[in-house]
Amino acid sequence: MEAFLSSLVSVAFHGVAYGMILYVISVGLSVTMGLMGFTNLAHGVFAMAGGYILVTSLSRFNLPFPLALALSFLVVAAASVILERLLYSRLYGASELEQVLFTIGLIFMSVALARLIYGTLQAPVVLPDYLKGQFALLGRDFPAYRVFLILFSAGMIGVLWFGVERTLWGAMVRAAVDNRAMAQAIGINTKRLFTITFAVGSGLAGLGGALGADIIAIQPTYPFEQLVYFLIVVSVGGLGSLRGPFIAALLIGITDTACKYWVPQFGAFFIYAATIGLLLWRPMGLFGKRA
Amino acid sequence: MNHPVGYNASDRLRWTEWLPWAVALAVFFLLPDYLSLGARVLTYILFALSLDLILGYAGIITLGHAAFFGLGAYVTGILSAKLGVTDPLLQMLASAFAAGLLGLATGALVLRTHGLTQLMLTLAVAAVCLEIANKATPLTGGADGLSGVTIAPILGYFKFDMYGRTAYLWCLALVFAGWYVIRRLIYSPFGAALTGIRENSVRMHAVGAPVFGRLLAVYTFSAMVAGIAGALLTQTNQFVGLNVLGFEPSGELLVMLILGGVGRLYGAFVGPLVFLIAQDYLARQFPEYWYFGIGLMLVIVVLFARGGILGISDALVARLRGKA
């Protein structure tokens, strides 16, 4: 019984950590897809870039860990602004097929670039000493890094929710998601809003990729392999919502961890099956707007 | 993309439409060293044709078409390696039947949804198939792949030889049959209905067309054709690996079709031909540049050349004629 209880706690703990990472990475995708109606399959590229930036600045430039994290957010956000202005913005009115093809093209290119620069092997993360080791709580030991990860992500999510629910920028974003034409008509500069929101979303993905580099291995095939998970979070959670993807990400994190722990022979089968079932029950996702 | 099809176009065979077959036969006699590559190209042409039917004509965007291709490949492989059914025609029928059944079952669910949800569902179906193939090791060989596939002579006469001549002609015969049926389909009222649904499904509902039924029919048929292409792949390679399933083969197929030109019958011919020959030369020597190149090509095609190679050549021909 005690053994079962401790495995239960362990699965819940690791599942929540994984879910938090999934959420930080995917929330930008949910907002940009809901806001701009842009099917961006290349979102995982930003997360992978964040992971590589963290690894490089830690191991090659010996930067302190917090600075490396901040860099992964800032560099990815800045790069995404350039991408958005140069390429994405040309396809805002385009058909879904063109957006899908364009972003798949971006995935192919980034996979090739990552392989060219870093090789095919997984990039190892060297954590600072103060995040290594165990953290004792209620007579159990938890890996310190995962505890940090959960707390930090929770803080980020708090800031994000405050930003969207309580600030002028958030109000404008919500207005544009609900009715873009109306938002434009009352004088909201939706073009600039798109760029800023896209940058924040991509930066968060970069940050999530960096934070989660220890959980989701950073390797060149990352954007392909993780795409399904990010899309599941967004489509199950519902487009344009903040709360939906959060619940979806936690559900997926915990279910996936539980499946890998207790029934590894089934792999990710249950996740996919549950996704199919859920989407058939609620095609717009758990918290999506009704069509 | 707005190629005249359906009722407005003449369905008479133009002389240029015999060209691909003449070239294919010429390859058989003149380039005997390239027959295995040729068989591969033909297999992917059939696969691309099946995707073109649902993507180019019916407008269904799918990221999981490899599910049907892979199922076809595995059904033939398992029949041969585990159950001792070595007759190629029987394998082909079984693969087509299995893939069609999967197409019918998943299509009935997937086609009820739209947009991101639909995209996600097609991807999830393919991911489930990949997961099953990966984990059901006793049946599929898992990550090691399924070897020991033996194929009996076709109709009891034509043995698969080591030069790949029988395999090439077998592929050619099936691609020809597939092309013939699909061409008839596109120029039929059924094909016109599909184009109508792609262009404006609300209006098709309004004129009383059974939109869902039409889409389900074409989805199932396309799955069968993809299953046949998968069976061909197994029969010519005598091996099935996990790489026939999942997102990457679906993505590569999309690339081939887009490269050739989507929504036009011969785009499915040109795309795989150019893609696979280029891959044969470049991918082994410069794998990184190769992937970068296909990504760049996709981006460029989407931004600047929305009809693929055939679209560009059409535009060139039109410009030359305009000047003459």
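Predicted model: local features only at pLDDT ≥ 70, side-chain atom pairs only at ≥ 80, totals over all residues.
Good morning. I shall begin with confidence. Chain A has a mean pLDDT of 85, and 99% of its residues reach 70 or more. Among the elements of chain A, helix α3, residues 65-86, has the highest mean pLDDT, at 91. The lowest mean, 74, belongs to strand β1, residues 134-137.

Let us stay with that strand. In chain A, β1 pairs with strand β2, residues 140-143, in the antiparallel sense, over 4 bridges. One of the residues involved is Q134(A), whose bridge partner in β2(A) is P143(A). The hairpin formed by β1(A) and β2(A) has 2 residues between the strands. There, L138(A) takes a positive phi near 50 degrees.

Which residues touch the most other members of the largest nonpolar core? They are V233(A), L46(B) and L298(B), in a core of 195 residues. Let us take L46(B) as an example. Leaving aside residues up to four places away in sequence, L46(B) touches L174(B), V175(B), G178(B), V225(B), I228(B), A229(B) and L232(B).

Finally, I come to the contact between the chains. Here, 39 residues of chain A are in contact with 30 residues of chain B. On the chain A side, the elements giving two or more residues are α4 (96-118), α9 (222-237) and α11 (269-281). The largest share, 17 residues, comes from α4(A). By class, this side of chain A comprises 29 nonpolar, 6 polar and 4 charged residues.

Thank you for your attention.

Key. Residues numbered from 1 in each chain as written. Chains lettered and ligands numbered in written order. pLDDT = per-residue confidence, 0-100. Pairing = 2+ DSSP bridges. Core = buried A, V, L, I, M, F, W, Y, C linked by C-beta atoms within 7 Å. Buried ≥ 20, exposed ≤ 12 C-beta atoms within 10 Å, placed from the backbone. Contact = placed C-beta atoms within 7 Å. Nonpolar A, V, L, I, M, F, W, Y, C, P; charged D, E, K, R; others polar.
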